[in-house]
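Biologist: I would like to learn how to read a model of this kind, feature by feature. Could you give me the general idea each time, and then the case at hand?

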Amino acid sequence: MKASVVAAARIENATEELRPEFRRATANMKLCASALERLFEQAPALDRRSCGLVLGTSFGELETTSDFLGTLAAQGVARPLLFQNSLHNATTGFLSLHFKMQGPTATLCDRAHAGHYALTTALLWLEAGLTDWVIAIECDTPVPALPHEPLPRAGAAAALLTRSDDEGRLTVELDARATAPPDPLGWLASAPSGGRLKLPFAP
């Protein structure tokens, strides 16, 4: 299975801090939204309503989970908003609503391999015909107070994929003999046109 990369972006700082619709959004939500806005700027003709979305994250909404548990322990109060935003699929739900995306969505948590599995899932969705367009995105916000090693890198990287045989475009494909790069979505964000990324996958 091979797909073309229509747009790709990497960000390290969110740009939505002052917008009212992001007042209650988590750091991951803001980072992902910033990355998606850059993708949509590169693909203005995209019909977002049918676009799929796969989010890969090392640990999910770890920062919000920490805040929720800390408040519960200190005050004996379970704050509903923190609990709602601590769910691992809260970010994909927020993005789907904010950008009016109605295609299939998924959240995958797998430490350092989250970006790899997000891209692999996106390619499998295209191959199965679940959607003609899909965004694979990886995002993490480190929480130094929580002991896990290594700390994930802060930021988000995303790529918009479609089925295509356009050899002039950057492409991604599954290959059982390939070796996984450490940061596949980050690589796509800086790769030249005509480049090729192979991901290991054994059906």
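This is a predicted model: local features need pLDDT of at least 70, side-chain atom pairs count only at pLDDT 80 or more; totals for chains, interfaces and linings use all residues.

Biologist: How many helices and strands does the protein chain have, and what pattern do they follow along the sequence?

Modeller: The protein chain comes to six helices and seven strands, and read along the sequence they follow the pattern β-α-β-α-α-α-β-α-β-β-β-α-β.

Biologist: How should I read burial, and what share of the protein chain counts as buried?

Modeller: Buried means under 20% relative accessible area, exposed means over 50%, and partly exposed lies in between (1.4 Å probe, protein chains only). Of the 203 residues of the protein chain, 48% count as buried. Thr 92, with a relative accessible area of 3%, is buried.

Biologist: Which residues is Thr 92 in contact with, leaving aside its neighbours within four places in sequence?

Modeller: Contact means heavy atoms within 4.5 Å. On that basis, and leaving aside neighbours within four places in sequence, Thr 92 is in contact with Leu 53, Leu 55, Ala 106 and Thr 107. For the protein chain, residues 24 or more positions apart account for 74% of the contacts with a separation of 6 or more.

Biologist: What joins the side chains of Thr 92 and Thr 107?

Modeller: A polar contact is a pair of N or O atoms within 3.5 Å; within protein, one must be able to donate a hydrogen and the other to accept it, and residues adjacent in sequence count only if both atoms are side-chain atoms. Here the side chains of Thr 92 and Thr 107 are joined by a polar contact of 3.1 Å.

Biologist: Why can α4 be called largely enclosed by the rest of the structure?

Modeller: Seven of the 10 residues of α4 are buried, so the helix is largely enclosed by the rest of the structure. The buried residues are Ala 90, Thr 91, Thr 92, Phe 94, Leu 95, Ser 96 and Phe 99. α4 is followed by Lys 100, which has a positive phi of about 60 degrees although it is not a glycine. Lys 100 lies in the loop between α4 and β3 (105–109), and with a relative accessible area of 58% it is exposed.

Biologist: How do I describe the way helices α1 and α4 cross?

Modeller: Axes are lines fitted to C-alpha atoms, for helices over the stretch in contact, and angles run from 0 to 180 degrees between N-to-C directions. The axes of helix α1 (residues 27–42) and helix α4 (residues 90–99) come within 10 Å and cross at roughly 45 degrees. Angles under 35 degrees count as roughly parallel, over 145 as roughly antiparallel, 65 to 115 as roughly perpendicular and the rest as oblique; α1 and α4 are therefore oblique to each other.

Biologist: Which residues make the contact between α1 and α4?

Modeller: From α1 come Asn 28, Met 29, Cys 32, Ala 33, Leu 36, Glu 37 and Phe 40, and from α4 come Ala 90, Thr 91, Phe 94, Leu 95, His 98 and Phe 99. Ala, Val, Leu, Ile, Met, Phe, Trp, Tyr, Cys and Pro count as nonpolar, Asp, Glu, Lys and Arg as charged, and the others, Gly among them, as polar; the residues of this contact divide into nine nonpolar, three polar and one charged.

Biologist: Is Phe 40 buried or exposed?

Modeller: Phe 40, which lies in helix α1, is buried, with a relative accessible area of 7%. Leaving aside its neighbours within four places in sequence, Phe 40 is in contact with Leu 46, Arg 48, Phe 99, Met 101 and Ile 135. The C-alpha atoms of Phe 40 and Phe 99 are 59 residues apart along the chain and separated by 10.0 Å.

How values were computed:
Residues are numbered from 1 along each chain as its sequence is written. Side-chain values use heavy atoms; hydrogens and water are left out. Helices (H or I, at least four residues) and strands (E, at least two) are DSSP runs, numbered from the N terminus.
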